[in-house]
Amino acid sequence: MNKKIAVLGAGSWGTALAILAARNGCQTLLWGHNPKHMALLTQDHENKRYLPGWIFPENLTITSDLADVSAFCNLVLVSVPSHAFKDTLIKLKTHLSNGLQIAWATKGFNPDNGSLLHEVVADIFSPQTPAALLSGPSFAAEVAAELPTAITIASSQPDFANHLADILHSERFRTYTNSDLIGVEVGGAVKNVMAIAAGIADGLGFGANTRAALITRGLNEIIRLGVKLGGRQETFMGLAGLGDLILTCTDNQSRNRRFGLALGQGKDTAAAIQEIDQEIEGISAAKETFLLAKKYGVDMPITEQTYKVLYEGLTPLAAVQNLLAREQKAES
Ligand SMILES: NC(=O)C1=CN([C@@H]2O[C@H](COP(=O)(O)OP(=O)(O)OC[C@H]3O[C@@H](n4cnc5c(N)ncnc54)[C@H](OP(=O)(O)O)[C@@H]3O)[C@@H](O)[C@H]2O)C=CC1
Ligand SMILES: O=C(CO)COP(=O)(O)O
């Protein structure tokens, strides 16, 4: 296979995706913004020193120079955190614009104004640029360790979605395609807010009933917002909706869930962030989702209470009590 892909973002997810693509026989370049970190990673790769479960294939190369990306290929998979998404694309554009095909695995909104990431791509490049989003229930460490995983690749350009699916698909990594880019984006961004809420409930000592209620009502909120923004209802019942919601609300590999757990157990936000020491996308997504819900008049009580815990000093217990004190209503 003479295929090439550049993965931008050398955190856990970008690294796992680069390993996956390279393992599938694709010439892969992994870019990270931190030259020191990338130099260490290069040294470890040359000396075949790997963390258990994170073995780099030989056709995976490493750089901290974005200029190397344009010399390498025009297919880029961005996996930086959402707060770095726009800036990374702006920098990329100075090196590569013509013929660019861009995919991303970032889960979140544009923190500047709550816009969806496909809108950022269209603004910086053009609405015609082939664009796709990879999302779904996929902890990086499990993908790196080749545990069976299934994800969704969403794009309004089916040829591009199929091309990307082909590069990443393997016996241990199933790729489904979906034309509902907006639904997949909203599902991936807002499930992080629900994972924080589920963590808070578990941290407070509530049980399985509470968790199941939060997941189900959380899904309802995601659907209400997602459909309002132009997503399709059925998308939210798939891998990038319910699938990822279940994963991150129930398993402690989720940083968002662990962050919520720490808050529920009485830690303050700063201490909880320090303890996790990785990206917790749900913190900014709680604010962006709350503002979008207000803007579009969508009822999102779990999001609202999570926002108030994170940004207005509401205690986790009071947030749960507020949810329980809501008036009785028909299920919808
Ligand atoms: N981990 C997972 O299992 C999954 C993650 N995702 C999504 O992938 C995205 C990335 O998360 P993940 O890899 O897990 O995060 P990590 O916390 O593992 O790593 C974050 C990475 O981003 C880098 N970074 C920070 N600031 C910038 C910047 N300004 N420009 C470029 N790179 C930067 C960090 O580098 P440094 O530390 O050197 O500053 C670090 O390498 C998130 O949107 C997340 O929701 C999606 C599915 C699964
Ligand atoms: O999105 C993820 C898995 O699909 C990772 O979730 P966390 O960011 O909560 O760890």
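Predicted model: local features only at pLDDT ≥ 70, side-chain atom pairs only at ≥ 80, totals over all residues.
Local features are reported at pLDDT of at least 70 and side-chain atom pairs only at pLDDT 80 or more, whereas totals for chains, interfaces and linings use all residues. Residues are numbered from 1 along each chain as its sequence is written, while chains are lettered from A and ligands numbered from 1 in the order in which they are written.

**Overall fold**
- The secondary structure of the chain comes to 15 helices and eight strands, taken as DSSP runs (H or I of at least four residues for helices, E of at least two for strands) and numbered from the N terminus.
- The radius of gyration of the chain is 20 Å, which agrees with the value near 20 Å for a compact globule of 332 residues; this radius is taken over C-alpha atoms, and the globule rule is 2.2 Å times the number of residues to the power 0.38.
- Buried residues make up 49% of the 332 residues in the chain, where buried means 20 or more other C-beta atoms within 10 Å of the residue's own, exposed means 12 or fewer, partly exposed lies in between, and C-beta atoms are placed from the backbone.

- The domain assignment gives domain 1 (4-179) and domain 2 (182-324), with bounds that come from an automatic or database domain assignment.
- The centres of domain 1 and domain 2, taken over C-alpha atoms, are separated by 25 Å, and the contact takes 24 residues from domain 1 and 22 residues from domain 2, two residues being in contact if their C-beta atoms, placed from the backbone, lie within 7 Å.
- On the side of domain 1 that touches domain 2, strand 7 gives the most, with four residues, and by class this side has 13 nonpolar, ten polar and one charged residues; Ala, Val, Leu, Ile, Met, Phe, Trp, Tyr, Cys and Pro count as nonpolar, Asp, Glu, Lys and Arg as charged, and the others, Gly among them, as polar.

**Surroundings of ligand 2**
- Ligand 2 is surrounded by 13 residues, of which the closest are Ser 138, Thr 248, Ser 254, Arg 255 and Asn 256; a residue counts as near if its C-beta atom, placed from the backbone, lies within 6 Å of the molecule.
- Helix 10 provides the largest share of this shell, three residues, and the shell divides into four nonpolar, five polar and four charged residues.
- Both domain 1 and domain 2 give at least three residues each to the shell around ligand 2.
- An unreviewed UniProt entry places the feature "binding site" at positions including Ser 138, Ser 254, Arg 255 and Asn 256; UniProt positions follow the numbering used here, feature names are shortened, and annotations may be inferred rather than shown by experiment.
- Ser 254 is found in the loop between helix 10 (239-250) and helix 11 (255-264), is buried, with 24 other C-beta atoms within 10 Å, and touches Ala 195 and Thr 248, not counting residues up to four places away in sequence.
- Arg 255 lies in helix 11 and is buried, with 23 other C-beta atoms within 10 Å; with residues up to four places away in sequence not counted, Arg 255 touches Ile 276, Gln 278, Glu 279 and Ile 280.

- Just after helix 14, Gly 313 takes a positive phi of about 75 degrees.
- The unreviewed UniProt annotation "domain: Glycerol-3-phosphate dehydrogenase NAD-dependent C-terminal" covers residues 180-320, a span that is 75% helix and 0% strand.
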